[in-house]
Amino acid sequence: MEKSKLMDNFTDKLYILTERDEDYIKALHNHTLDGLELTQTRSEANIVLASPPLIKESLDDFSQLEWLQSAYAGIDALTSQDLRRDYQLTNVRGIFGQQIAEYVLGYSISHYRHFALYSKQQKKQSWTAHQYQSLNEKTMVVLGCGSIGSFLALKASQMGMTVIGINSTGIPKKDSPFDQVYHIQELQSAFEQADIVVNTLPHTEQTKHILNDKTLSYCSNALLFNVGRGSAIEEGGLLDALDSGSIIHAFLDVFDLEPLKANHIYWNHDGITVTPHIAASSFPHQVIEQFVENYGRWRDGFSLQNVIDLGKGY
């Protein structure tokens, strides 16, 4: 990465550490930022834009670090008690809803309309019609009423679905897109109505294994999507739920350990679809737009947006 001065006068030095550094640099050059210089020297950077898994092992290299902008919404890699916490951490929000909605609704439509079955039949030249179900007959339960969950609820509602949200208060926000909002302790009441369950929750001690043998048993012939964090699912509970029919199919995009091991039972389970953490991706130009807005606040002495409480994990 070439050292590139964005303005003649600067006080802040930015280091970029992502899987797509050049794309981030290119996107950054579309903006004029007073007082910011890109650096290749970790020890002089006071601002870092990084992918959490990549910077996790090298945090101590950034001795001047004051602010770390995550390129992801998820920051689990940085919440370990063993890691330093003497800096402000911000993540990106509000840019993943469209992608998550496409993933959940796309797979849901494919399931209820038997698209995979018709693909197999085509290869056999089999002209057999199967009765299908429409999404407008379904109830979706979304764990998490933040920006992603709310965007998904809006799009599902526009397709005629009834959408129930789950949060820590049981109180809907102003202009909530949810038909109802239940407290997280009311999972049974919500899951008993669910045709589709979608987890968008962050990782916390409270959300770990929230989808387990007991809670999943409240469902009946439901689809399950995990696009939040892998820790939300208790593996044995999910397998039991699939065996009992409480869950008829699970679409899993996130896992405790990634990549998923080659011998993991999920790979060959007929009731599970595995995708490699691709339900929503960080597009550099969108991340940079949020960074630029936050940098303006940083430069002018205002509070940053999307600040993470490292103690809480969100």
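A crossing of two helices is left-handed if the near helix is turned anticlockwise from the far one by less than a right angle, and right-handed if clockwise. By this rule the crossing of helix 3 and helix 5 is right-handed. The model is predicted, so local features need pLDDT of at least 70 and side-chain atom pairs count only at pLDDT 80 or more, while totals for chains, interfaces and linings use all residues. Residues are numbered from 1 along each chain as its sequence is written, and side-chain values use heavy atoms, with hydrogens and water left out.

Helices (H or I, at least four residues) and strands (E, at least two) are DSSP runs numbered from the N terminus. Two packed helices are described by the angle between their axes and the distance between the axes. The axes are lines fitted to C-alpha atoms, for helices over the stretch in contact, and angles run from 0 to 180 degrees between N-to-C directions. Helix 3 (residues 97-113) packs on helix 5 (residues 147-158) at an angle of about 50 degrees, with the axes 8 Å apart. That angle makes helix 3 oblique to helix 5; angles under 35 degrees count as roughly parallel, over 145 as roughly antiparallel, 65 to 115 as roughly perpendicular and the rest as oblique. Helix 3 makes the contact (heavy atoms within 4.5 Å) through Gly97, Gln98, Ile100, Ala101, Val104 and Leu105, and helix 5 through Ile148, Phe151, Leu152, Lys155 and Ala156. By class, the residues of this contact are eight nonpolar, two polar and one charged. Here Ala, Val, Leu, Ile, Met, Phe, Trp, Tyr, Cys and Pro count as nonpolar, Asp, Glu, Lys and Arg as charged, and the others, Gly among them, as polar.

Asp23, Tyr24, Ala27 and Leu28 of helix 1 meet Pro284, His285, Val287, Ile288 and Phe291 of helix 9. Seven nonpolar residues, one polar and one charged make up this contact.

The loop between strand 12 (272-274) and helix 9 (284-300) holds Thr275. Thr275 counts as buried because its relative accessibility is 5%; buried means under 20% relative accessible area, exposed over 50% and partly exposed in between (1.4 Å probe, protein chains only). The side chain of Thr275 makes a polar contact of 2.7 Å with the side chain of Tyr103. A polar contact is a pair of N or O atoms within 3.5 Å; within protein, one must be able to donate a hydrogen and the other to accept it, and residues adjacent in sequence count only if both atoms are side-chain atoms. Leaving aside neighbours within four places in sequence, Thr275 is in contact with Tyr103, Tyr107, Leu252, Asp253 and Phe255.

Thr273 is placed in strand 12 itself and is buried, with a relative accessible area of 18%. The side chains of Thr273 and His249 are joined by a polar contact of 2.7 Å. Apart from neighbours within four places in sequence, the contacts of Thr273 are Tyr107, His249, Ala250, Phe251 and Leu252.

Strand 12 is also among the elements that cover the buried residues of helix 8, together with helix 7 (213-216), strand 10 (222-226) and strand 11 (247-252). Those buried residues of helix 8 (residues 235-244) are Gly237, Leu238, Leu239, Ala241 and Leu242. At the N-terminal end, helix 8 is capped by Glu234, with a side-chain oxygen 3.0 Å from the backbone nitrogen of Gly236. Gly245 follows helix 8 and has a positive phi, near 90 degrees.

Most residues other than glycine have a negative phi, and most peptide bonds are trans. The bond from Glu258 to Pro259 is cis, with omega near 0 degrees; Pro259 sits in the loop between strand 11 and strand 12. Asn221, in the loop between helix 7 and strand 10, has a positive phi near 55 degrees and is partly exposed at a relative accessible area of 46%. Asn306 lies in the segment after helix 9, with a positive phi near 60 degrees.

Asp195 lies in the loop between helix 6 (187-191) and strand 9 (196-199).
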